[in-house]
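Thanks for making time this morning.

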Amino acid sequence: MNNQSWPASWPVRLGSLEIELPLVRGDNGFQIYAFDPMGRGDWNIAAAEALKELLAPFDFDIIVTAESKAIALAEELARLLGHEDYVVLRKGHKLYMIDPLVVDVKSITTTAPQKFFLGIDRQELLRGKRVCVLDDVISAAGTLHAIHDVGKAVPFTVAVNACVLTEETRWENYEGVPVVSLDHIPLPGFSEYMP
């Protein structure tokens with residue numbers, strides 16, 4: 001399909017807040033409806049409040065997310081849940097990360113291979129815990145896959161996967177673990193959404 005077949009923006013609901021996501025196109029013609037919550041306090045607050053309600057039936061000790069777009073969301077959700085800590089898998093090795101665990105990750109929005117790093121202190125914080133894996137968007141599930149791999153290595157148990165939006169696939173579970181989300185967006189070019 002060509003660009004003109006898709007609307008220039010797509011409406012999504014973040015709890016009490018409705019926003020419009022712009023259609024963006026890369027140099028290779030790949031198109032997505034861009035959800036970038038970094039620096040958007042109102043988006044993260046509304047999404048965290050709505051996710052807190054959806055996560056009420058699930059029992060977990062801590063939130064795990066990946067650098068970087070879901071960090072503010074993780075912090076707000078942890079605050080609402082009364083959690084003192086949350087864990088962020090980092091995309092680069094930092095000097096203060098002692099004996100880091102390293103896992104490969106593949107993302108549809110990043111062409112170069114990526115890795116996640118998790119220092120031993122953060123591993124110990126997660127060991128034996130029940131966690132909520134949090135992401136901004138679940139599309140091809142590359143980030144979920146990487147975090148689940150970290151869970152097997154540490155180890156910890158993934159109790160629930162949560163995100164603001166699912167993209168293309170309406171994920172209801174991943175590796176047998178429930179997925180909760182606030183809304184769904186198409187991945188332009190896939191037939192399910194052709195106008």
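I will take the sheet, then the helices. Bear in mind that this is a predicted model.

The sheet is open and built from six strands, in the order 5-4-8-9-11-10, with mixed pairing. Which strands stand at the edges? They are strand 5, residues 86-89, and strand 10, residues 173-174. Each has a single partner strand, so one side of each is left without a neighbour in the sheet.

Further in, look at strand 4, residues 62-66, and strand 8, residues 130-138. This pair runs in the parallel sense, over three bridges.

Now helix 2, residues 71-81. Helix 2 lies across strands 4, 5, 8 and 9, and its direction is at about 175° to strand 4. An angle over 145 degrees counts as roughly antiparallel.

Helix 2 also packs on helix 1, residues 41-55, with the axes 9 Å apart and an angle of about 50°. The two helices are therefore oblique to each other, and their crossing is right-handed.

Who makes that contact? From helix 1 the contact residues are Asn-44, Ile-45, Ala-47, Ala-48, Glu-49, Leu-51, Lys-52 and Leu-55. From helix 2 they are Ala-72, Leu-73, Glu-76, Leu-77, Leu-80 and Leu-81. Sorted by class, the contact has ten nonpolar residues, one polar and three charged.

How values were computed: Residues are numbered from 1 along each chain as its sequence is written. This is a predicted model: local features need pLDDT of at least 70, side-chain atom pairs count only at pLDDT 80 or more; totals for chains, interfaces and linings use all residues. Side-chain values use heavy atoms; hydrogens and water are left out. Axes are lines fitted to C-alpha atoms, for helices over the stretch in contact, and angles run from 0 to 180 degrees between N-to-C directions. Helices (H or I, at least four residues) and strands (E, at least two) are DSSP runs, numbered from the N terminus. Angles under 35 degrees count as roughly parallel, over 145 as roughly antiparallel, 65 to 115 as roughly perpendicular and the rest as oblique. A crossing is left-handed if the near helix is turned anticlockwise from the far one by less than a right angle, and right-handed if clockwise. Contact means heavy atoms within 4.5 Å. Ala, Val, Leu, Ile, Met, Phe, Trp, Tyr, Cys and Pro count as nonpolar, Asp, Glu, Lys and Arg as charged, and the others, Gly among them, as polar. Two strands pair if DSSP finds at least two bridges between them.
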